[in-house]
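Trainee: I would like a close look at a single part of this protein. Please take me through it step by step.

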Amino acid sequence: MAEIKVPELAESITEGTIAQWLKKPGDSVEKGEYIVELETDKVNVEVISEEAGVIQELKAEEGDTVEVGQVIAIVGAGNGAAASAPAEAAPAPAAPQQEEAKPAQEVVKEAPAAQDAKQRPIASPAARKMAREKGIDLNEVPTVDPMGRVRKQDVESYSANGSQPAAPQQAAKPAPAAAPKQDDSKPVVRERMSRRRQTIANRLLEVKQSTAMLTTFNEIDMTAVMELRKRKKDKFFEAHDVRLGFMSFFTKAVVAALKKFPYVNAEIDGNEIVLKKFYDIGVAVSTEEGLVVPVVRDCDRKNFAEIEGDILNLALKARDNKLALSDLQGGTFTITNGGVFGSLLSTPILNGTQVGILGMHTIQTRPVAIDKDRMENRPMMYVALSYDHRVIDGKEAVGFLKMVKDLLENPEDLLLEG
């Protein structure tokens with residue numbers, strides 16, 4: 001018999017939430033096989049079994065908060081067939097329960113037991129949590145995902161269409177105390193914040209309260225970059241099997257500017273300023289569970305193709321909840337691209353202990369004065385640099401952003417700076 005415990009996650013992480021069990025009591029498990037997915041403040045972590053055998057007991061349910069070192073499952077000797085008899089015998093008392101009519105809410109509570117007999121659907125942790133709270137059987141939720149993965153939006157849509165009778169019953173519980181006359185005309189849905197969303201909220205608030213954050217703006221004429229990209233993108237893809245995007249240009253420009261303005265690549269440690277002589281650039285990625293910032297390492301030593309490849313791989317891992325904690329740690333500066341969602345202008349918030357973050361925005365065709373007599377329509381992008389005024393003065397911040405602008409408007413210079 002062996003105990004499955006919550007492993008050491010990271011120096012700053014002491015607990016997590018059971019996102020989903022990959023095994024149930026009576027299932028066989030091999031040594032090294034994943035049995036549970038934990039949701040932590042930063043990433044989802046899959047926990048393995050150190051012994052082969054049969055899952056005898058689960059000591060925590062999906063959605064429970066567990067601490068590092070806590071026993072969450074018991075693995076005993078044997079195989080799945082040997083343990084299947086008692087596991088299948090458990091639902092036997094269900095027969096007399098069906099003799100009398102039950103309210104809809106109680107019937108919903110029995111649904112998870114019946115679901116065990118079905119094939120476990122592929123679903124994101126957020127979707128499983130919402131389905132559990134609303135009493136929804138994930139096997140009945142349609143999805144448009146080509147891989148068959150049930151997403152949070154699918155559960156919301158399924159619930160909103162009235163396909164599940166339990167939702168109104170659960171929503172009605174708090175109504176008498178709060179606003180008993182507004183249930184029908186002003187419906188509300190209460191949704192518990194995920195651990196990751198709580199962490200994001202707390203850290204962003206902490207940054208706003210503990211730094212002297214200021215934002216400066218500029219705009220970039222993207223004509224040269226777009227023309228260069230248009231000329232080279234096909235050959236680039238053939239040579240490197242990765243598409244040439246804007247992020248590699250911005251990353252290279254940022255690294256060059258960080259070298260000239262080293263205090264933008266720093267952090268405060270007590271009464272000291274730590275100037276970092278390496279360039280690990282965080283790239284903000286939006287996922288179903290919230291924003292994460294995986295880090296592209298040693299950007300000063302990588303070419304455009306290597307940077308684009310790393311960004312693509314990290315983005316795919318982020319959206320599949322496969323990021324490791326090491327993918328998120330140690331960044332020195334961050335780039336966030338709100339332009340992919342259509343943002344025209346924003347003031348990004350600093351990431352953790354970093355003192356600078358660059359915000360990219362949507363490219364918009366606008367009239368630009370070429371000289372006193374001529375105007376042309378050009379593809380323009382607003383960029384924003386948020387910085388910690390405790391470390392960086394306005395002169396450095398403006399100079400940094402101006403250098404990024406100059407390099408992107410003359411992209412051939414990036415080769416010289418690289």
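How do the axes of helix α10 and helix α11 cross, and within what distance do they come?

Mentor: Keep in mind that this is a predicted model. Two packed helices are described by the angle between their axes and the distance between the axes. For helix α10, residues 246-260, and helix α11, residues 304-319, the axes come within 9 Å and cross at roughly 115°. That angle makes α10 roughly perpendicular to α11, because 65 to 115 degrees counts as roughly perpendicular. The crossing of α10 past α11 is right-handed.

Next, look at the residues that meet there. On the α10 side they are Phe 246, Met 247, Ser 248, Phe 249, Thr 251 and Lys 252. On the α11 side they are Phe 304, Ile 307, Glu 308 and Ile 311. Sorted by class, the contact of α10 with α11 has six nonpolar, two polar and two charged residues.

Helix α10 also meets helix α12, which covers residues 394-409. The axes of α10 and α12 come within 9 Å and cross at roughly 135°. The helices α10 and α12 are therefore oblique to each other. Here too α10 passes its partner, α12, in a right-handed crossing. From α10, the residues in contact are Phe 249, Phe 250, Ala 253, Val 254, Ala 256, Ala 257, Leu 258 and Lys 260. From α12, they are Phe 400, Met 403, Val 404, Leu 407 and Leu 408. By class, the contact of α10 with α12 has twelve nonpolar residues, no polar ones and one charged one.

One residue ties the two contacts together. Phe 249, in helix α10, is listed in the contact with α11 and again in the contact with α12. Phe 249 has a relative accessibility of 3%, so it counts as buried, the cut-off being under 20%. Leaving out residues up to four places away in sequence, Phe 249 touches Val 225, Leu 228, Leu 244, Phe 304, Leu 408, Pro 411 and Leu 414. Of these, Phe 304 is in the α11 contact and Leu 408 is in the α12 contact.

Most residues other than glycine have a negative phi. Asp 241 has a phi near 55°, a positive value in a residue other than glycine. Asp 241 sits in the loop between α9, residues 223-240, and α10. With a relative accessible area of 62%, Asp 241 is exposed. Asn 321 also has a positive phi, near 55°, and is likewise a residue other than glycine. Asn 321 is in the loop between α11 and β16, which spans 333-337. Asn 321 is buried, with a relative accessible area of 9%.

The protein has 13 helices and 19 strands. Of its 418 residues, 43% are buried. Among contacts with a separation of 6 or more, 64% are between residues 24 or more positions apart. The accessible surface of the protein is about 23000 Å², and 51% of that belongs to carbon and sulfur atoms.

Terms used: Residues are numbered from 1 along each chain as its sequence is written. This is a predicted model: local features need pLDDT of at least 70, side-chain atom pairs count only at pLDDT 80 or more; totals for chains, interfaces and linings use all residues. Side-chain values use heavy atoms; hydrogens and water are left out. Axes are lines fitted to C-alpha atoms, for helices over the stretch in contact, and angles run from 0 to 180 degrees between N-to-C directions. Helices (H or I, at least four residues) and strands (E, at least two) are DSSP runs, numbered from the N terminus. Angles under 35 degrees count as roughly parallel, over 145 as roughly antiparallel, 65 to 115 as roughly perpendicular and the rest as oblique. A crossing is left-handed if the near helix is turned anticlockwise from the far one by less than a right angle, and right-handed if clockwise. Contact means heavy atoms within 4.5 Å. Ala, Val, Leu, Ile, Met, Phe, Trp, Tyr, Cys and Pro count as nonpolar, Asp, Glu, Lys and Arg as charged, and the others, Gly among them, as polar. Buried means under 20% relative accessible area, exposed over 50%, partly exposed in between (1.4 Å probe, protein chains only). Accessible areas come from the Shrake-Rupley method with a 1.4 Å probe; for residues, only the protein chains shown count as cover.
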